[in-house]
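Here is a quick walk through a protein chain, one region at a time. Have the structure open while you read.

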Amino acid sequence: MSTAPSAAQVVIIGGGIIGCSTAYHLARAGFKDIVLLERAKLTSGSTWHAAGLVGQLRTSANVTQLLKYSVELYEKLEQETGQATGWKRNGGLRLACNQERLTEIKRQATTAHSFGLEMHLLSAVEAKALWPIMDSSDVVGAAFLPTDGQANPSDIAQALAKGARMHGVKIVEDCPVIGIQLNNGRVTGVATSHGAIQTEIVVNCAGQWARQIGRFAGVNVPLVSVQHQYIVTETIAGIPRNLPTLRDPDRLIYFKEEVGGLVMGGYEPDPIPWAEQGIPEGFEFQLLGENWDHFEQHMTQALARVPALESAGIKQLINGPESFTPDGNFILGEAPEVSGFYVGAGFNAFGIASAGGAGRALAEWIAAGEPPMDLWPVDIRRFGRHHRSEDWVRTRTLEAYGKHYTMAWPFEEYRSARPLRVSPLYQRLKDQGACFGEKLGWERPNWFAPPGVEAKDAYTYGRQNWFACVGAEHQACRERVALFDQTSFAKFLLIGRDAERALQWICANDVGKPPGSLTYTQMLNARGGIECDLTVARLSQNEFYIVTGTGFASHDFAWIRRNIPPDCGDTTLVDVTSAYCVLALMGPRARDMLASATHADLTNAAFPFGTWREIDLAGAPVRALRVTYVGELGWELHIPVECALAIYERLMEAGRQHGIVNAGYRAIESLRLEKGYRAWGADIGPDYTPFEAGLGWAVKLAKGLPFLGRDALLAQRSQPLRKRLACFTVDDPGVVLLGRETIYRNGERVGWLSSAGWGYTVGKNIGFGYVRNADGVDDAMLASGSYELEVATERVSCRLHLGALHDPRMERVKA
Ligand SMILES: Cc1cc2nc3c(=O)[nH]c(=O)nc-3n(C[C@H](O)[C@H](O)[C@H](O)COP(=O)(O)OP(=O)(O)OC[C@H]3O[C@@H](n4cnc5c(N)ncnc54)[C@H](O)[C@@H]3O)c2cc1C
């Protein structure tokens, strides 16, 4: 057995499948002096008792690519290392037992096609031919992913460990980490029960212990342990060795072949948490007690699906704890709190499937100091301060666990752990019919139910019950004026003598304008990819007010703080989100109505587009920003929270004669799609540059000022673009676009929709998506194609547009 060295380039904590994969990939990437520390023995945490299903399809293209890579790796790992892995590419079957589920799997098949995965729709008869032992009498259809498979989890982990050793990694077992050493917000070492190891990079792959390891460094890793059970049967006649894995989501269960018998488990709506008071000392290679009473719900469903289970012997009921997270996705990347502290944990019972790709992504992240691609759905910076509450995390995580196989409805909202963060207007808006959604703990009005309509979403894959109500809000904004409560926006102050210099370096647009200016800008990574998309208001010589999306609070704060150049010492970044309520007043009558409530001069000459002014409103000082995300004349009013209610009442009173309405986020989405405003995390992100996204006009290249990402943009400018964002419309209102639909140009797959919805003014389905072509994409190429979208496996014709669909000249907005 190896002993721990006193220094290392990288220290990985945890010898489960994720730690082993990270070690393997770091070593292959050329890192030297890598040490993996395991508290007990390799695989002794969750890995050894996993069921071993390896599925690939996720809702994010890049996360799907990671899982696809896992499969490619597992296929060759045994040959490379000489260690058996039990890998079998037997395919994955997914059943649908009702029409809505059939629509869901059709949409999943289209998502798979968008992301380059083969997935076929099957009839019940064809599904039965692949899975002969099932009763298929209630099956209405199925989808089959031929490249899915299964593996022996411990063996895969051991093969990765062997491969890592072969490339020089030192693996030290029986060596618990007991502390993390820090200096000035950076990792400097790791304390173990056998002594300290100096290092600048720590990777926390400690599974359900990762939260505790994070605490050693002041890093939040929001995951909790939940019990997960499955049975292993004796041999059952008629089970071929190449039986595909089977997911039967309507019955909440899954199956896999094992030594001629079956493994069967499921995701119950009432999961049981584990280790609420902390994981017991010495918990290694252990299982929890069998809980047959709790498992009965799965057994009942499984017996109906596979009648042969009635007489099959049960070898074992495995009850293993695993770490789950509040949104069902794993946690990857460098912690925003501490430089050099990376996390790869919280794998929600798909860690075996994810390990290959997640380990590689972590290794590349460490090597480059930034994610190798847009990994936002799993990025550790997606969490907020409320995720530090273990109670909140547990409550929401249990709900997420219970939803693992339930219908993933479009626009579905979580119900648990709400409300938490509310605007001062919450109750007032609720009383007026607001139906709230939740983002990063904030309650936000999605739409308003008029009298007589219940303020509750009714989910379906067709048009949902709020469709007409949102249409009325949209129309009010286009024709009169609407008020949106956008208090949940994240808001930062950057203050100091060096603030301008720092921001000019971090922002792609020119923010070095006089106080009173307002600048829409991106912040780019070194590849020119869009890391942040936000607005900067210059308050004074040394003060900038930064406004960004609700969900990006931690990410954007960390991005700005990390990228302040070392020679800009006199800068302080402060999160002031909780200090301001934001009411956006938008629509052609916004000026007239606001003018009746304030003495401020709102004329275009005094208060042009792209500026901010302090105005008095109902006796309160309000920071009014002349900006829009809906494409109408309007102001974002940033109001001290204690004045919010008084100002709201004053605005509603002033707006009455102008036909003002309350409006919500679903109307914003429809309005912004018509105007072609991009949404970060969907249409734009780290994988897309401003040129590709059609945002080159917001980049200060011509000014000759240095900024982060400039070199990459200069290089890109001299070459043809390989992808370009374009707008697509489908006239047929019977088609519902939701995003991820495949784009075909002249019959060839060229991309997928990054966001989509209905435009009420133009009366069309609208989708945005990148058209990709290795030889270049320019206007002529875009305009010359004939386009189709694949929607739930059906091709529909569509039209491509290069400009915004509504009011492209912005005259009304900027007048
Ligand atoms: C019943 C069950 C069935 C499952 N089925 C599947 C499946 O079919 N497919 C699938 O993809 N996934 C499945 N999973 C999930 C899968 O097992 C996990 O996602 C995966 O094993 C997580 O690996 P890990 O490396 O993150 O964690 P772990 O395997 O738990 O590894 C973490 C390691 O960190 C070590 N450690 C902790 N604290 C310290 C410390 N202080 N110092 C040093 N080391 C420390 C632990 O000892 C442990 O070995 C299942 C899980 C369960 C419970």
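## A glutamate in a loop

Glu 632 sits in the loop between strand E31 (620–625) and strand E32 (634–640); helices (H or I, at least four residues) and strands (E, at least two) are DSSP runs, numbered from the N terminus. Is Glu 632 buried or exposed? Glu 632 is buried, with a relative accessible area of 1%. Buried here means under 20% relative accessible area, exposed over 50%, and partly exposed in between (1.4 Å probe, protein chains only). The Glu 632 side chain makes a polar contact with the side chain of Arg 478, at 3.0 Å. For the term itself: a polar contact is a pair of N or O atoms within 3.5 Å; within protein, one must be able to donate a hydrogen and the other to accept it, and residues adjacent in sequence count only if both atoms are side-chain atoms.

Some housekeeping on where this comes from. This is a predicted model, with local features needing pLDDT of at least 70 and side-chain atom pairs counting only at pLDDT 80 or more, while totals for chains, interfaces and linings use all residues. Residues are numbered from 1 along each chain as its sequence is written, and side-chain values use heavy atoms, with hydrogens and water left out.

## Two nonpolar cores

A nonpolar core is a set of buried Ala, Val, Leu, Ile, Met, Phe, Trp, Tyr and Cys residues joined through side-chain atoms within 4.5 Å. The largest one has 52 residues, and Ile 12, Ile 17, Val 203, Phe 330 and Leu 332 have the most contacts inside it. At least two residues each come from strand E1 (10–13), H1, strand E2 (34–37), H2, H5 and H8. Which of these gives the most? That would be H8, with nine residues.

Apart from this core lies another, of 34 residues, with Ala 597, Leu 633, Trp 635 and Ala 644 among them.

The expected span is 1.5 Å times one less than the number of residues. Buried residues of H5 include Pro 153, Ile 156, Leu 160 and Ala 164. Their cover includes helix H1 (17–28), helix H2 (61–81), strand E8 (170–172) and helix H8 (351–368). Gly 168, which follows H5, has a positive phi, near 100°.

Helix H9 (residues 390–402) passes the same kind of check: its 13 residues should span 18 Å, and the end C-alpha atoms are 18 Å apart. Since 10 of the 13 residues are buried, H9 is largely enclosed by the rest of the structure. Among the buried ones are Trp 392, Arg 394, Arg 396, Glu 399 and Tyr 401. Strand E13 (224–233), strand E18 (314–324) and helix H6 (210–216) are included in what covers them.

## An open sheet and its helix

Five strands form an open sheet in the order E25-E26-E27-E24-E28, with antiparallel pairing; two strands pair if DSSP finds at least two bridges between them. Strand E25 (518–524) and strand E28 (572–575) are the edge strands, each pairing on one side only. On average, neighbouring strands are turned by 30° against each other, direction ignored.

Helix H13 (residues 553–563) packs on the sheet, touching strand E24 (490–495), E25, E26, E27 and E28, and its direction makes about 75° with that of E26. Axes are lines fitted to C-alpha atoms, for helices over the stretch in contact, and angles run from 0 to 180 degrees between N-to-C directions. Strand E26 (residues 530–540) and strand E27 (residues 543–548) are paired antiparallel over five bridges, and Val 536 stands opposite Ile 546 in E27.

## Back-to-back hairpins

Strand E10 (residues 186–192) is mostly covered, five of its seven residues being buried. Strand E9 (residues 177–183) pairs with E10 in the antiparallel sense over six bridges. They form a hairpin with two residues between them, and Asn 184 in the turn has a positive phi of about 55°. Another hairpin joins E10 to E11 through two residues.

Terms used
Contact means heavy atoms within 4.5 Å.
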